Amino acid sequence: MNTKMKTSTGYTACLLVALTLFSLAVSAQSTPTYGIKGGLNVSNFYVEDIDDKNARLGFHAGLYGQLFATGFFALQPEINFSTRGNEVISDGLFDQKTRFNLNYIDVPVLAVFKVGDKLEFHAGVYGAYLVGASIKSEGDLGEWFDELNRDNFESFDYGFSGGLGLNFGAIQVGARYNLGLVEIAKSDQARMVLGDSKNSLGQLYIAFRLNEN
């Protein structure tokens, strides 16, 4: 199975999971809650091993809802603006530092497992659309990599998402990790720098519920 077929199959599987969860939410007879959220992003690229070397600090902000809610379970869809990227440092024949700044619209769909009123565990999938990309480089090759733009990267990303949240009344603080499954480089020029890299993203956030259960 080639890379394109794997990507298509994986995207279809994640989409089917998301549609199934949304269908359950629509059919549920419960009053949804909704709110706003935002916080810190710590992003990186990975091929096989995941580490925090050359990570990029950024942010995310958006809206969330909780549907199909019971005392121990809920379905949580979100829509967020989210930054990703990292800094690639090459030393050897040529010394070059390149900063990748990628901006996405993320749509996570998460199953929420509640432990009492205070603690929640989140697990699910996300889909993301690339809305912007900028690259800054300096070194022996000058600004050659600055020619890379949004067209050099895959427009869609998807993957797994999981984390936990602590509730303090209408406020929740939490942490989440997103593991991308799509190779983000699209053009040969981008692959020369990034190879088979995928997105890796850690998040710390605060959320404010805007209505009562």
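## A loop residue with positive phi

Phe68 lies in the loop that connects strand S2 (56-66) and strand S3 (73-90). The model is predicted, and in it Phe68 adopts a positive phi of about 55 degrees although this residue is not a glycine.

Phe68 has a relative accessibility of 31%. Because buried means under 20% and exposed means over 50%, Phe68 is classed as partly exposed.

## Secondary structure and barrel

The protein contains 2 helices and 8 strands. Along the sequence, these elements follow the pattern α-β-β-β-β-β-β-β-α-β.

The 8 strands close into a barrel in the order S1-S2-S3-S4-S5-S6-S7-S8, with antiparallel pairing. From one strand to the next, the twist averages 25 degrees.

## The pairing of S7 and S8

Strand S7 (residues 171-180) and strand S8 (residues 198-209) run antiparallel and are joined by 9 bridges. Gln172 has Ala207 in S8 as its bridge partner. In general, strands of a sheet pair through backbone hydrogen bonds, in either a parallel or an antiparallel manner.

## Burial, contacts and surface

Of the 213 residues in the protein, 41% are buried. Among contacts between residues at least 6 apart in sequence, 66% join residues at least 24 apart.

The protein exposes about 11,100 Å².

Definitions and conventions. Residues numbered from 1 in each chain as written. Predicted model: local features only at pLDDT ≥ 70, side-chain atom pairs only at ≥ 80, totals over all residues. Heavy atoms only, no water. Helix = DSSP H or I, 4+ residues; strand = E, 2+ residues; numbered from the N terminus. Buried < 20%, exposed > 50% of the residue type's maximum accessible area, 1.4 Å probe, protein only. Contact = heavy atoms within 4.5 Å. Areas by Shrake-Rupley, 256 points an atom, 1.4 Å probe, with all protein chains shown as cover. Pairing = 2+ DSSP bridges. Axes fitted to C-alpha atoms, helices over the stretch in contact; angles between N-to-C directions.
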